[in-house]
Amino acid sequence: MRKREKYLAAILAVSLFLTSCGGAAGQSGPELQEPVSRNSTYQPVETGSIGQTEALMATVMPKEYAHFYKSDVIIEEIAVEVGTYVKKGDILARADTREARLQKEELEGELAQEKKTFSLKEKVSGEKLKEVRAAGGRSVRKETALLKEDARYERQLYEQRVSDLGKAIKAEEKKISQGLLRARHAGYVTFRKNLAQGVAATSDENIVVVADRKDLYLEPARQRVGDFKYKKYKVKYIYSKGRRYSVKEIPYRQSEMALAERTGQYPAVRLTCPAGAGLSAGDTCLVYFRKKEEQKVLVVSNDCLHTQGEEYFVYVKNERGEEEKRIVTVGSKDDYRTEIRSGLKKGELVSYSSSAALPVNYNTQTVTWSDFEIRSKTGSCRSADASPYVQLAKKEGLIVKGAVSDGDKVKKGDLICVVDTGVTKASLTELSLQIQKEKDSFRETMKGLKGKYEKELAEYTHNCTMKQLQKQYEEANEGNDGTGKVKIYAEYSGTVAACQIATGEQISVGTPLLVIQRNNKMRLLVFQIPPGSGKMSELEMRLGDMKKQLANIGETITFMLKGKKYKGTCTGYAVYGESSVRIPDRRYMTTEGGKSYFSSNQPSGFKYPGYYAELENEEVLKKLSDIPEVTYAWVSLKDVLTVPAEWVHEDNRAGEESSYYVWRVAEGELVRQYVTLATELNDGTDQVIYSGLEAGDIIAG
C-alpha cells in the first residue's frame with residue numbers, strides 16, 4: 001500500500017508540473033498528458049458491445065375480439081358474463097328488434113293472405129269462365145278473352161305484390177339478424193357493457209369483448225403505433241429463463257392504419273410473444289431495443305481515453321507496475337464506452353480517472369436472473385352482479401304515475417307505472433262499432449253471392465278483416481280502465497338498477513322503462529384502492545405513471561380470508577370509473593368485410609376502476625361473509641437482472657442528464673460500470689437493471 005501511495009504521489013507531482021493537460025475523449029491538447037485531478041484506478045480491456053440498449057415493460061395479452069353494432073341500438077339482453085367461454089357463432093347479445101319483428105309478422109300475414117286470396121280469385125275466375133262458355137252465344141269468344149286477360153293481369157299484379165312482400169320480409173329479417181350479436185371468435189369474455197348505465201348503445205361501442213387465451217402477444221406499456229419511438233430499432237428481444245428470444249412488431253392492416261391516420265387515434269403497439277419462452281397471459285417482461293445487433297469488440301470506458309490532436313491514447317499498466325502511454329485506434333462510441341481497434345489487447349489494465357470514491361471494505365454479489373415484483377395495496381371487493389334484465393315499453397302513451405325508483409326491490413307482477421294511452425271508452429266503442437259494421441256488411445255481401453268460390457273468397461276476406469279489427473280492440477282494451485289508463489307491471493324480479501320512468505314523459509313501444517338487477521351473484525369483482533386516498537408513499541410517488549391501474553387478464557390474484565391464502569385469476573375488467581382519475585381509453589381495431597372500425601368500452605358505473613377475479617376454489621365464495629384482503633402486482637417482471645438498490649450510484653454532471661453506475665469487479669479491479677435503468681423499478685431493496693450488466697458479473701458495494 002505504501003508503494004502505491006508513493007507511485008500516485010509521483011504521478012500527481014508530474015501532472016502539477018506540466019503546463020498543459022489532456023481532456024476526456026473528444027477534447028485535444030498539444031502534448032500527451034494525464035488529467036490533473038483524478039482518483040486513479042484500473043480496468044481491464046474487455047470484449048463488449050457498443051450502443052445503447054433501451055427497454056420497455058410489456059404485458060402478455062390474449063388477442064381480443066371486440067363485438068359492437070354498426071348503428072345505434074337499444075340493448076334488450078346480454079347473454080354472457082365476464083369469464084364465460086363462447087364458441088364462434090354463439091349469441092352474445094340481442095338488440096331491440098321488436099318493430100322489425102312486428103313488421104315481419106304483418107308482412108308474412110299479408111303474404112299469406114295475398115296467396116290465399118289469389119288462389120280463390122283464380123277459382124272464381126274459373127267459375128265465371130265456365131258460366132260464359134255454358135251460356136254460349138255470339139259474345140262468348142269476346143267475354144272469354146276478356147276474362148282471360150283479366151286473369152293474366154291479375155296474375156302479374158299478384159306476382160309483383162308477392163315479390164315486393166318477399167323483399168320487404170327479407171329486409172326485416174336482416175334487421176332482426178343484425179340485432180343478434182354473435183361471437184366472431186371462440187374465447188373467454190373479458191368485458192361486457194353494464195346495462196345499468198344505459199341500454200342505448202352507440203355505433204362502434206363495445207357490448208362484449210372476447211379473448212383467445214391461446215393467441216398471445218406482447219403489448220408495451222402506453223405505446224401507440226403513431227408515436228412509437230422505438231419503431232425503427234431493428235433489434236428487439238426479451239429474456240426468459242436466461243435465454244434470449246427475438247420479437248418483432250405485429251403490423252396493422254393498411255386500411256386500419258389509414259383509419260388511424262384519418263382520425264388521429266392510434267392502436268396499441270403489438271409485439272410477437274415467442275413460442276417456447278414460457279410466458280402466459282398476464283405475465284409482464286422487459287422488451288429490449290437496439291438500433292443494430294450487438295457485436296463483441298474490444299472496449300474501454302470513455303474515462304480511459306485522452307486525446308492529442310486527432311490521436312487517442314490511454315495509460316496502460318505494464319509488467320513493472322508502471323503506467324505507460326499507448327496510442328490507440330478507436331471505432332464506434334456510445335455514451336459510456338469506446339471500441340478499440342488497435343493498440344490494446346484483451347486483459348491489459350488501463351488507467352482511468354474518476355471523481356467517485358472507490359468502495360472500501362466492500363461486499364460482492366453475483367448478478368443473476370430473477371423475478372421482480374411490487375405488490376399493490378389491499379383492494380376492496382364484493383360479489384359481482386350478473387347482467388341485468390331490461391324491460392321495454394309495449395304501450396304508447398303518457399306516463400301519469402310512477403310506482404318504483406332506483407334501488408327498489410320488485411317481484412314479477414308488481415305495478416311499476418300507469419300510462420295514459422289516450423284510448424278512452426269512446427274509442428273502444430268506436431272500435432266495437434267497426435267490428436259490428438264489418439259483420440253486417442259481410443252478411444249483406446253473402447246474400448248477393450251464388451258461386452261457391454265467390455262465397456269462400458268473401459268469407460276469407462271477412463275473417464282477415466275481423467282478425468285485424470279484433471286485434472286492435474284487444475290491444476286497446478288490455479288493462480284499460482275505460483279512461484285510457486293502463487297499468488304496467490314488472491316482468492322480472494330483482495332490484496331496480498336504473499329506473500327511466502318519469503311522470504309526464506311520452507313513451508312509445510320499445511322505450512326503456514327499467515333495468516332490473518338479478519338476485520343471483522357471480523364471481524368476485526375487485527376494486528382498485530381509490531386514487532389519492534390518504535398520503536402517497538415514497539414508493540407510489542416513485543412508481544408514478546409506470547404503476548398499472550388494474551390487474552392483467554390471466555394474472556394471479558391473492559385473496560387473504562381469515563388468515564388463509566387463496567389464489568384467483570383476473571378474468572376481465574371494468575376499465576372506467578367515475579372518479580377524476582380515469583384509466584386511459586382502450587380502443588380496439590377491428591376489420592370486417594374489408595372495412596376497419598375503432599371501438600371502445602364505455603363507463604362501467606363503478607366508483608373506481610376494477611377487475612373481475614375468479615377464485616380457484618369456488619366453494620370459498622359460498623362461505624364468503626367477511627371481506628377478504630385482495631392484492632395484485634403493481635409491477636411484476638419475470639427474468640430480469642437486479643442489483644441491491646443502495647449499490648447503484650448516480651453520476652449527476654452539471655447540465656447533463658443523470659447517469660447511473662455500479663462498481664463491477666473485473667480481474668481483481670473495481671470498474672465503474674454504467675447501467676441503464678428506470679428509477680421507478682426500485683422496491684427499496686432491489687433495482688432492476690436494463691443494460692450494462694450481464695448474468696454472472698460480480699458487483700461490489
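**Entry 1: strand β31**

I began with strand β29 (residues 494-499), which pairs with β31 in the antiparallel sense over four bridges. I took helices (H or I, at least four residues) and strands (E, at least two) as DSSP runs, numbered from the N terminus, and two strands as paired if DSSP finds at least two bridges between them. The model is predicted: local features need pLDDT of at least 70 and side-chain atom pairs count only at pLDDT 80 or more, while totals for chains, interfaces and linings use all residues. Residues are numbered from 1 along each chain as its sequence is written, and side-chain values use heavy atoms, with hydrogens and water left out.

I then looked up strand β24 (residues 389-392), which runs antiparallel to β31 and is joined to β31 by four bridges. Here Q391 stands opposite L514. I noted that β31 (residues 512-517) is mostly covered, six of its six residues being buried; buried means under 20% relative accessible area, exposed over 50% and partly exposed in between (1.4 Å probe, protein chains only).

**Entry 2**

I traced an open sheet of six strands, with antiparallel pairing, in the order β23-β32-β37-β34-β33-β38. Its edge strands, β23 (381-385) and β38 (629-631), each pair on one side only. Neighbouring strands of this sheet are turned by 40 degrees against each other on average, direction ignored. Axes are lines fitted to C-alpha atoms, for helices over the stretch in contact, and angles run from 0 to 180 degrees between N-to-C directions. β23 runs antiparallel to strand β32 (residues 521-527), and four bridges join the two; C381 has V526 of β32 as its bridge partner.

I also followed an open sheet of four strands, again with antiparallel pairing, in the order β7-β6-β4-β9. β7 (180-182) and β9 (200-201) are the edge strands. Strand β4 (residues 73-78) and strand β6 (residues 91-95) are antiparallel and joined by three bridges, with I75 bridged to A95 in β6.

**Entry 3: helices α2 and α3**

I looked up how helix α2 (residues 98-135) packs on helix α3 (residues 140-178): the angle is about 170 degrees and the axes are 9 Å apart. The two helices are therefore roughly antiparallel to each other, since angles over 145 degrees count as such, under 35 as roughly parallel, 65 to 115 as roughly perpendicular and the rest as oblique. The residues of the α2 and α3 contact comprise 15 nonpolar, three polar and 18 charged. Ala, Val, Leu, Ile, Met, Phe, Trp, Tyr, Cys and Pro count as nonpolar, Asp, Glu, Lys and Arg as charged, and the others, Gly among them, as polar.

**Entry 4: the largest cavity**

I recorded two cavities of 30 Å³ or more. A cavity is a set of points on a 1 Å grid over the protein atoms alone where a 1.4 Å probe fits but cannot get out, and lining residues have an atom within 4 Å of a point. The largest cavity holds about 40 Å³ of space. Its lining includes A384, D385, M522 and R523, and β23 and β32 each supply at least two lining residues. By class, I noted four nonpolar, no polar and four charged residues in this lining.

**Entry 5: positive phi**

I looked up K241, not a glycine, and noted a positive phi of about 55 degrees. K241 sits in the loop between β11 (235-240) and β12 (243-246) and counts as exposed at 74% relative accessibility.

Definitions and conventions. On a 1 Å grid over the protein atoms alone, a cavity is a set of points where a 1.4 Å probe fits but cannot get out, and a pocket is an open set with protein on both sides within 12 Å along at least five of seven lines; lining residues have an atom within 4 Å of a point. Grid points are joined across faces, edges and corners, and a volume is the space filled by probe spheres set on the points.
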